[in-house]
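I opened this model to look up a few things and wrote down what I found.

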2 protein chains.
Amino acid sequence: MRITIQAIATHLQLSPATVSRVLNRREDAFISQTTRQRVLRAAAEMGYRPNRAARALVTGRTDLITLALNRVRSSYYTEVIYQLQEQLRRDGYETLVGQMAGERDTGLDALGLSEWPTDGIIIVDPLSDLRPLARGSLLQQTPFVCIGTVPIEVADYVVVDLDSGAREAVEHLISLGCRRIGYFAGKGVCHPGDARYDAYSRTIQEAGLQPEIIAVAPATRSHARAALCDYVRDRGCPDGLFCFHDDLALAAYRALCDLGLRVPEEVALVGCDGIQETQYLEKPLTTIVQPLESMCALAWQYLQRRMQDPAAPLQQTILTPCLEIRPSSRR
Amino acid sequence: MRITIQAIATHLQLSPATVSRVLNRREDAFISQTTRQRVLRAAAEMGYRPNRAARALVTGRTDLITLALNRVRSSYYTEVIYQLQEQLRRDGYETLVGQMAGERDTGLDALGLSEWPTDGIIIVDPLSDLRPLARGSLLQQTPFVCIGTVPIEVADYVVVDLDSGAREAVEHLISLGCRRIGYFAGKGVCHPGDARYDAYSRTIQEAGLQPEIIAVAPATRSHARAALCDYVRDRGCPDGLFCFHDDLALAAYRALCDLGLRVPEEVALVGCDGIQETQYLEKPLTTIVQPLESMCALAWQYLQRRMQDPAAPLQQTILTPCLEIRPSSRR
DNA sequence: TCGACATACGTAAACGTTTGCGGTCGGAGG
DNA sequence: CCTCCGACCGCAAACGTTTACGTATGTCGA
């Protein structure tokens, strides 16, 4: 039988209130040192564990944080989950993972998130357009922070500057002498209004080159790999490829291997996000590295502030990403 | 203000009990069709969401499942989290992630797991020796199931046959003509008693070859990469390398590239677990593929059974893994 | 007509915590 | 000696559900 505050109280001839106050270390309450020690000892000896449900019921807080992830299975998320979980835990929070259904709907069910009322939400999604979500009731009621993407302007976030990153990457390809630079991305993000798309198009046109969009759906690795093969067989191959994210870049790398095309001699390859995997290829990928660890730390800091004060001033950070040039685009 | 069962009840001139019964679809209770419909409509219109904490308090169930992961950041876990979260959600459960601290201790804190009392635990850890953990109080109280490793004999699990997998892999290297086959692994698992270690040693010796252990700690990618480089420079290079898991194999691949050694001509490389990443190299890695999707499905099935009947007979499945021979060991 | 039984719903206790309010007791100040 | 205040602690309500049990109504067979 689980032991409760009541049990400790009767055992020590105290009231549950006193025990609770001791256990919660409320310094606004006056508790004598002796009883404090007695309670602490008894709790330890009897192996007391608080009933979180009961506490949540009365306080309204659950000490749970939702990690809202995109459905895409990229090792980007492994890193993020690891980083955030460590930090949340250190501050006494538990991590609930949820995967968002997509961009269509704004309800909680469509969000695919927790029915448990969590104290905060960390949205991690470098891919989708989250603006519709932000209008949903969930995000109106629960404090949240975004990593990697911005749902609405009036929200807390930590992002990298997609525009300047993409621009730098494309300029890098141009400086390499590439004349036919393709943009390899999921269909959902190939439209004016998307930061990377815009940056790519503008930079290409400013250089007097022709944009060339290679859009795949679904943007999974295996499909992207096959799709790029088909594309190249039909229309020939660009001499430079800028990929929306590293998963696509890796799929592209593999597809180019399949086709017998040499990287970087025949095709220079650049990805985005800087997932670990890009370093373990024979030709490590050039990629726009996101400083995930500090991004996660900062985001959590922002969320905590927001939770304790919903009216706190907006907290927004735009980091300038770092284009790390590696052999896949070194000539 | 959140709306409660009470609110619905007074609004419809019913008792909370009736509303609750309707909302929980209890078929052992007799509710007229008309009131049922009225309650359902009102709940929908008023936007009722159950208070999970209150429910948990009285039922003792939280509809939460802990996913206990190893601290190692492998994309193995990305896949597992994705698979399990999808399935749990479909059955009305939420996913709490926890990272286990290690093998040393057996307490809940050392486990690094949730303070929230979850209904079940899924332990995913292809690396550690979990036997000490199983003696801890947490696993005595909460139903659990293991994927990829076995904490104790009297537990539910879904694993692959490490022994036969490793044996097959090593035999494959031998049949390739390798005479100096190294075993590349983390220090913690390089000892008699570990299934893969034993299988490796036995197979090597049966073939009249000399075992050669290359143990690294910590077994992170970046460290493993550097460690293998050092090792090879000091003592020369084996002509075959069997790696404890794919992360190490990828690190090895990278290290061999650094050293200018050709895979598979000079060194044949074999990994374990079959993470997605192994397919996206220039020379895809030979690896022992684990059927993760079906493993997750089966494990969840086992756990559900165990949750509803703690005395159910043991559920144990040992899958024979599949050595998928790819270019990294094709001569 | 009378009980038995099925159906439909209400009553109230219980889950374990937190917390506002009040009470007691000792000592200091007037 | 009375008052007042601060330290320490208990009382009891409240959080929103679930569920065992009880009650009321209607139906049916004897």
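**Entry 1: the model.** I am working from a predicted model.

**Entry 2: DNA strand C.** I found 28 residues around DNA strand C, and the closest are Ile5(A), Ala17(A), Ser20(A), Ala54(A) and Ala17(B). I then listed the elements that give two or more residues to this surface: helix H1 (5-12), H2 and H4 of chain A, with H2 and H4 of chain B. Sorted by class, the surface near DNA strand C holds 15 nonpolar, ten polar and three charged residues.

**Entry 3: DNA strand D.** I repeated the search here. DNA strand D has 28 residues around it, and Ala17(A), Ile5(B), Ala17(B), Ser20(B) and Asn51(B) come nearest. Two or more residues each come from helix H2 (16-23) and helix H4 (52-59) of chain A, and from helix H1 (5-12), helix H2 (16-23) and helix H4 (52-59) of chain B.

**Entry 4: chain A against chain B.** How many residues of chain B are in contact with chain A? I get 36 residues of chain B in contact with 36 residues of chain A. On the chain B side, the elements giving two or more residues are H4, helix H5 (75-90), strand S2 (94-99) and helix H12 (246-259). H5(B) gives the largest share of that side, eight residues. The classes on the side of chain B that touches chain A are 17 nonpolar, nine polar and ten charged.

I also checked the strands that link the two chains. Strand S2 (residues 94-99) of chain A is joined to S2(B) by three bridges, and the two run antiparallel. Opposite Leu96(A) I found Leu96(B), in S2(B).

**Entry 5: a sheet in chain A.** I traced an open sheet of six strands in chain A, with mixed pairing and the order S7-S6-S8-S9-S10-S12. Strand S7 (212-216) and strand S12 (322-324) of chain A are its edges, each pairing on one side only. On average, neighbouring strands of this sheet are turned by 20° against each other, direction ignored.

Within it I followed one pair. Strand S6 (residues 181-186) and strand S8 (residues 240-243) of chain A run parallel and are joined by four bridges. Phe184(A) has Cys243(A) in S8(A) as its bridge partner.

Which helix packs on the sheet? I found helix H9 (residues 162-175) of chain A there, touching S6, S8, strand S9 (268-273), strand S10 (286-289) and S12 of chain A. The direction of H9 makes about 170° with that of S9(A).

Terms used
Residues are numbered from 1 along each chain as its sequence is written. Chains are lettered from A and ligands numbered from 1 in the order in which they are written. This is a predicted model: local features need pLDDT of at least 70, side-chain atom pairs count only at pLDDT 80 or more; totals for chains, interfaces and linings use all residues. A residue is near a molecule or strand if its C-beta atom, placed from the backbone, lies within 6 Å of it. Ala, Val, Leu, Ile, Met, Phe, Trp, Tyr, Cys and Pro count as nonpolar, Asp, Glu, Lys and Arg as charged, and the others, Gly among them, as polar. Two strands pair if DSSP finds at least two bridges between them. Axes are lines fitted to C-alpha atoms, for helices over the stretch in contact, and angles run from 0 to 180 degrees between N-to-C directions. Two residues are in contact if their C-beta atoms, placed from the backbone, lie within 7 Å.
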